[in-house]
Each structure stands twice: as C-alpha cells, then as structure tokens.
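Thanks, everyone. Please have the sequence and the structure open.

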Amino acid sequence: GSACVFICSLLITAMFYTDFNTSNQFILALFIIPPLMTMVEATAPHSMDTPLLMIIGFTVLYLIAM
C-alpha cells in the first residue's frame, strides 16, 4: 500500500509539472510530496487516511506555491 502511494504521488506530481510557477517549486514538490504522502498513509488510522492525505497534501502544495 505505501509503495503504491509513493509511486502514484510521484507520477501524479510529475504529470502536473506545468501547473508549477517555477522549476524550483516542481523539484521541491517531487522531493517532498511522495515521502510525505507515504508517511501519512502509513501512520494514519484506517478510517482517516483519505482526509489526512487530502488536507496535508493540499497544505504542503499550497506552501510550496507561495
């Protein structure tokens, strides 16, 4: 499960490379998002993993885009 989250978050972040304002934001997202999402998925309670993934993922992407 965690390996799937890591690979999917890496691929999906890469698919949206044109939505980042700078290449530094894109590279930062590639290094932060996959391991962070994997850690959240692995440690979140079973019924709370989806909301936590969405909230934390959006928050980190928002902070990267600022």
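I start with Phe58, which is exposed, because its relative accessible area is 58%. For that word, and its relatives, the cut-offs are these: buried is under 20% relative accessible area, exposed is over 50%, and partly exposed is in between, with a 1.4 Å probe and protein chains only.

Before going on, some ground rules. This is a predicted model, where local features need pLDDT of at least 70 and side-chain atom pairs count only at pLDDT 80 or more, while totals for chains, interfaces and linings use all residues. Residues are numbered from 1 along each chain as its sequence is written, and side-chain values use heavy atoms, with hydrogens and water left out.

Helices here are DSSP runs of H or I with at least four residues, strands are runs of E with at least two, and the numbering goes from the N terminus.

How many aromatic pairs does a search of the whole structure find? There are three. One of them is Phe58 with Tyr62, a stacked pair with 6.1 Å from centre to centre and 25° between the planes. The rule is that rings of Phe, Tyr and Trp (its six-membered ring) pair if their centres lie within 6.5 Å; planes under 30 degrees apart are stacked, over 60 edge-to-face, and the rest tilted. Elsewhere, Tyr17, Phe20 and Phe26 make up one aromatic cluster.

Staying in α3, which covers residues 49-65, we come to Met54. Is Met54 buried or exposed? Its relative accessibility is 55%, so Met54 counts as exposed.

Helix α2, residues 23-43, packs with α3 at an angle of about 160°, and their axes are 10 Å apart. The axes are lines fitted to C-alpha atoms, for helices over the stretch in contact, and the angles run from 0 to 180 degrees between N-to-C directions. α2 and α3 are therefore roughly antiparallel. On that scale, under 35 degrees is roughly parallel, over 145 roughly antiparallel, 65 to 115 roughly perpendicular, and the rest oblique. The crossing of α2 and α3 is right-handed. Right-handed means that the near helix is turned clockwise from the far one by less than a right angle, and left-handed means anticlockwise.

Which residues meet there? On the α2 side they include Leu28, Ile32, Leu36 and Val40, and on the α3 side they include Leu53, Ile56, Val60 and Ile64. Contact means heavy atoms within 4.5 Å. By class, the contact of α2 with α3 has 14 nonpolar, two polar and one charged residues. Ala, Val, Leu, Ile, Met, Phe, Trp, Tyr, Cys and Pro count as nonpolar, Asp, Glu, Lys and Arg as charged, and the others, Gly among them, as polar.

Leu28 belongs to α2 and is partly exposed, because its relative accessibility is 40%. Its C-alpha is 9.7 Å from that of Leu61, 33 residues away along the chain.

In the loop between α2 and α3 there is Ala44. Ala44 counts as buried because its relative accessibility is 15%. Leaving out residues up to four places away in sequence, Ala44 touches Asp49 and Leu52.

Helix α1, residues 2-15, packs with α2 at about 155°, with the axes 8 Å apart. That makes α1 roughly antiparallel to α2. Among the residues in this contact are Val5, Phe6 and Leu10 of α1 and Ile33, Pro34 and Thr38 of α2. By class, there are 12 nonpolar, four polar and one charged residues. This crossing, too, is right-handed.

Beyond four places in sequence, Pro34 touches Phe6, Ser9, Leu10 and Ala29.

Thr38 is also in α2. At 15% relative accessibility, Thr38 counts as buried.
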